[in-house]
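Dear colleague,

Please find below the structure that I am handing over to you, together with its sequence. My findings follow directly after it.

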Amino acid sequence: MFCSSGPMSFVLSFAVIQPSCRHHETAFFREAMKKQPSSRGFSTSILLGTAIVVWLPMHLSGMIDNGDWHLHWFRLEGFSQSLVEGVWRPYWHADANSGYGAPTFLFYPPLSYYLASIPILLGSSMSTAWSAVYLTTIVVAAFGSYRLFRLWSGAGVSAAASALWTCSPPLLLKIYQIHMPASALAIAFIPWLLSAVMSSNQGRINRILTVAVTSALLILAHPMIAVQASVIMAILGAFRALRGDARAVLQALAGGALGSLLSIWYWLPLLLFRDLVQWEFLLNPAWLWEYNVLFSRPEPPYGAFHDFRALFDGLAVVGFVIAISCYAVVLSGGEGIKGTGAPLLIAVVVCLYIMSPAGVWLAELFPPMGYLMFAWRWLGVMWLLVLWLLALAVEMLWCRLTLWSRRRRILALSVPAVAIAGMVIVSLAIVGFGPLSENWGLVSQRVSESRAERAIRDEIWPTLEMRPTSMGDGWKKDLHKDPMPYVWVRSGDLKVRLVGRAQHRIVIDYEAERTSTIRIKHLNFPSWKARVGEKTVRIETEEGSGAMILRVPPGSKRLVLSYEGWPWISKSSD
């Protein structure tokens, strides 16, 4: 840490720094520094204790009935069922779109669903499964941020800053109110990635492999959050390269490239086949970037989670004020310390700029940034950077507090104390407790078992999923109101004896005296193949609905339809 008796590599490894308080070393100062706990056991206890405290409201009271919880519960049913059926890489969700199906898992990041499927396969409930995923997210965030902050701060300061990050409002919003498990898990991986890149005591191979594994997990958790990480890494990496440590930056780039290869089985089909679905059905105008920036109140009130706008704006402003205040403290240090805080502050400003109306042109110029859809998603990484600056500033102050007068110490400590108290009050409201738990769009009502069953069965999400472009204008239809039977005989004398359905497989036993044409209440999509015995049957698409149309041969036969990997055939399924 900065107050040690010898030189050390400071955060970002930009240069070797002599301790800023070294010139003030006295017996009294050294005795005060010993009071900062340094044992690994103490830090681990703080981190685990904080993680459990943050997670306990969900474990004891249940999930809050707000945000997208029903969407992910519904999807997890199909994903875990695919694993039970022996499909290790699910692509299709047979129950989506009111039973017509959807290529949901071809596009949506799978890591959080893999994690949630483990408790499901072991016999646990849906709420227990997602609670376990969120606990994992909280623990990953706590230890990752501690690893990051520990690069330049003492164990006590790092543990305290990590505890603040773990219970910070932007992270808790994703877990308790908005219910974005994939996004929250990805944010939790970012400090691990930053620490792997910025550490000065890692060897070449170790750095490359650590960055590779972390970046692969980040992509599998949420590729658009990986875009956030890449923007921050570009800023910090540029400063590091300017300081003469380009080798570490090149190693990080090599690790990122390897991580991309490790996760290619997910992101490559996402990119290749993104034009096969009607994104407009999901990315409606209310979700466009310009309607979800901070400090904006569009009319009509477009925007996802519109009721949270005041809270989003407030968190951005408070985070920026804290960052500026901490940087002012850092400026009082040596040149090396100033160089450490500068890229962090620039990264905070860039996050705020991207989230503001002024940054809309960036999303238009660089589409992957716009695919994040919600500008306020940058709040999580912004607050990580803010707390990074806070840990740096506290480490600076820790060296000097013992040399100041009592009045000055009280004044210096009162400012962060008030800020932390305010953050705790907001965090308590987010998890459903306290006088503010029904403000700013927050709710405290928990999900009941009957509510969960009704939401998954009856509400909008089972009918609101990705739909193939082969539907044409039919993608606008409300498939929930479709009165057609699952198998309808359009011509011929076919009689259905048995229908069996799985997530990636449909089996129809039938009898027919002549060739018959049938309609199956299932969306056609490339990679669906149909066979009767060893003979391949052509699948056509019904105009206006996207349903499957097949001409099957006569006899007592079995028609088998199966989803067979990536949709390598043309975008037209005819």
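**Surface patch, aromatic pairs and selected residues**

Ile 205, Leu 209, Val 213, Leu 258, Leu 261 and Leu 262 make a nonpolar surface patch of about 530 Å². Please note that the model is a predicted one. Two helices, α10 (204–221) and α12 (246–262), each supply at least two residues of this patch. Leu 258 is found in helix α12. With a relative accessible area of 31%, Leu 258 counts as partly exposed, because that class lies between the limits of 20% for buried and 50% for exposed.

I turn next to the aromatic residues. A pair of aromatic rings is described by the distance of the centres and the angle of the planes. Searching the whole structure gives 15 aromatic pairs. In one of them, the ring centres of Phe 79 and Phe 105 are 5.2 Å apart and the planes stand at 80°, so this pair is edge-to-face. The pair links distant parts of the chain, with Phe 79 in helix α3 (residues 69–84) and Phe 105 in helix α4 (residues 104–107), 26 residues apart. Both Phe 79 and Phe 105 are buried.

Phe 79 also forms an edge-to-face pair with Tyr 114, at 4.9 Å centre to centre and with 85° between the planes. Here too, distant parts of the chain are linked: Phe 79 belongs to helix α3 and Tyr 114 to helix α5 (residues 111–121), 35 residues apart. Phe 79 has a relative accessibility of 0% and therefore counts as buried. Ring pairs join Phe 79, Phe 105, Tyr 108, Tyr 113, Tyr 114 and Trp 130 into a cluster.

Charged groups over aromatic rings may also be of interest to you. Arg 89 lies over the face of Tyr 91, at 4.7 Å from the ring centre.

Finally, I would draw your attention to a loop residue. Ser 356 is placed in the loop between α15 (335–355) and α16 (360–365). Is Ser 356 buried or exposed? Its relative accessible area is 11%, so Ser 356 is buried, the limit for this class being under 20%. Leaving aside residues up to four places away in sequence, Ser 356 touches Val 293, Leu 294 and Phe 295.

With kind regards

Key. Residues numbered from 1 in each chain as written. Predicted model: local features only at pLDDT ≥ 70, side-chain atom pairs only at ≥ 80, totals over all residues. Heavy atoms only, no water. Patch = residues over 30% accessible without salt bridge, like charges linked within 9 Å, V, L, I, M, F, W, Y side chains within 5 Å. Areas by Shrake-Rupley, 256 points an atom, 1.4 Å probe, with all protein chains shown as cover. Salt bridge = Lys/Arg side-chain N within 4 Å of Asp/Glu carboxyl O. Helix = DSSP H or I, 4+ residues; strand = E, 2+ residues; numbered from the N terminus. Buried < 20%, exposed > 50% of the residue type's maximum accessible area, 1.4 Å probe, protein only. Phe/Tyr/Trp six-rings, centres within 6.5 Å; stacked < 30°, edge-to-face > 60°. Lys NZ or Arg CZ within 6 Å of the ring centre and 35° of its normal. Contact = heavy atoms within 4.5 Å.
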